[in-house]
Amino acid sequence: MRDSRMDRGAGILLAVTSLPSPYGIGTMGKEAFRFVDMLTDLRQKYWQVLPIGPTSFGDSPYQSFSAFAGNPYLIDLDILIEEGLLKQEEVDGYNWGIRKDDIDYALIYNNRFKVLKSAFDRFDVKKDAFKKFCKDNKDWLEDYSLYMAVKNEKGGSEWLSWEEGLRNRDADTLAEYREQLKEQILFWMFLQYKFFEQWKALKAYANEQGIKIIGDIPLYIALDSADVWADRDQFKLDEEGRPSEVAGCPPDDFSDDGQKWGNPLYDWEKMEAEGFGWWKERIAANGRLFDIIRIDHFIGVAKYYSIPAQDENARNGRWNKGPGKKLTDMIEKTLGKNRIIAEDLGVAVPAVKKLLAKTGWPGMKILLFAFDGNTANEHLPHNYEDSNLVVYAGTHDNETIVGYFRDKTEYELAYLYEYLNIKKKDDIPDAIIRTAYGSVADIAIMQMQDLLKLGNETRMNFPSTVGCNWRWRTLRESLDEERRTWLRTMTLLYRR
């Protein structure tokens, strides 16, 4: 087992979509570079982003149309203007939303692709760099671009509703659609070319400044995705392509019904027989995008929860044995210089602890979970058994620090006050950040919302809800110099 440890340091969790932008959503443009500069100024070493794949209904980055493609929304329009592919008046001619701290996804969906199509119309598809990109990425790019072109042609309908020949990928039918939609297919390829071109430049800049990017990848794939359509045999589906069981998690303290995500389950036996080739490609692709890969819902590698597809909730699910060390060994061989963080939160599964110990990969601790009055709580820093950990105040699925403690009674907060050596609620955010920084955990990551002491109105995700999530954006000058000075001091004080 190689050394999987990472440098002691601190970082900020901020989705690319949450960056400031005059065009409705954060992008890979100058504000992303400014954020890297801010990280450097604050003596941070890590930038954690949420998944950057193309989003589908509900706008969740964890339900993507592709495990390999990038989100076209993140393509910076100002860069396209500088390249002569767009005109300023074209971009300014659209409504991108009223509020600077919010994303209006309906507007973005309706307007972004119109603008990007104007850029494509001026782009020379015979460029050598574009042809090389298409060749280098043909294994996923051709299926994804055809899938998106067909989906767009059919009003956004899921692939399960397409006609039989297309749904089942009949060779003649695919050839017919490739010819019929060749211009649209090139458009989707162009979007991926521009996405990866801009991301490569941003990552290179971050690395030059000493900032490592932590990328988040969901364990599961959306049913309505190019991956499932193109590689149905990798998933547990019936002859029609429909799952009889889907992914989710059982009832817990946060949800009486559990969570039914609806993702198809992997056919782990078939994947193992084929040497986990699909996963090998996925890890290699994400290794080119990120320095560190955080695997969401890592529990599913050890044991996964399956729910009857027809059920309304997750109460009747059952546990199944996952691929375990066979998969993690393959991932380890594929990583190269990259590192892994395992999101091991949620239901206590002993097999997960054993698997993590075998891999040497760091798990996670959440300080919002720590102060229930139980001195043996595993999230309390004095119970950390070693430093091979990543500690958070909270993640995208949690309330903010301010929001979480806002309605707690003084009685409920008594243990927290004593532990953090504070006397009032207003002191909690800084005390928790300081505790995380002072812990033995190798990495401490704070959400931008918590550094700004914002409430739940800025929360990224309310699990099991649709329509109000993933919308928050930070304002350009939100972190003032006094706050920056304090964070720099904490970083230096605790050798972060």
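In this predicted model, helix H14 spans residues 325–334, and its buried residues are Leu327, Thr328, Met330, Ile331 and Glu332. An α-helix has 3.6 residues a turn, so residues three or four places apart point the same way. The buried residues of H14 pack against several helices: H11 (268–273), H12 (277–289), H13 (299–302) and H15 (350–359). Two strands, E6 (292–295) and E9 (339–342), are also among the packing partners of these buried residues. Just after H14 comes Gly336, with a positive phi of about 65°.

The protein as a whole contains 20 helices and 12 strands. Its chain has 496 residues, for which a compact globule would have a radius of gyration near 23 Å. The value for the protein is 23 Å, so the two agree. Along the principal axes, the C-alpha atoms fill a box of roughly 70 × 55 × 40 Å. Of the 496 residues, 57% are buried. Contacts across the sequence were also counted. Among contacts with a separation of 6 or more, 75% join residues 24 or more positions apart.

The surface and the charges were examined next. The accessible surface of the protein is about 21800 Å². Carbon and sulfur atoms account for 48% of this surface. The protein carries 68 positive and 80 negative side chains. The centres of these two sets lie 4 Å apart.

A search of the whole structure for disulfides found zero. A disulfide needs two cysteine sulfur atoms within 2.5 Å. For Cys249, the closest cysteine sulfur belongs to Cys468 and lies 18 Å away, so the distance is too far for a bond. The search from Cys468 leads back to Cys249, again at 18 Å and too far for a bond. The surroundings of each cysteine were also computed. Cys249 counts as buried because its relative accessibility is 12%. Cys468 has a relative accessibility of 44%, so this residue counts as partly exposed.

One loop residue was also examined. Lys423 sits in the loop between helix H17 (414–420) and helix H18 (428–438). Its relative accessible area is 74%, so Lys423 is exposed. Lys423 lies 10 residues from Leu413 in sequence. In space, the C-alpha atoms of Lys423 and Leu413 are 9.6 Å apart.

Notes:
Residues are numbered from 1 along each chain as its sequence is written. Side-chain values use heavy atoms; hydrogens and water are left out. Buried means under 20% relative accessible area, exposed over 50%, partly exposed in between (1.4 Å probe, protein chains only). Helices (H or I, at least four residues) and strands (E, at least two) are DSSP runs, numbered from the N terminus. The radius of gyration is taken over C-alpha atoms; the globule rule is 2.2 Å times the number of residues to the power 0.38. Contact means heavy atoms within 4.5 Å. Accessible areas come from the Shrake-Rupley method with a 1.4 Å probe; for residues, only the protein chains shown count as cover. Lys and Arg count as positive and Asp and Glu as negative; His and the chain ends are not counted. The place of a charge is taken as NZ of Lys, CZ of Arg, CG of Asp or CD of Glu.
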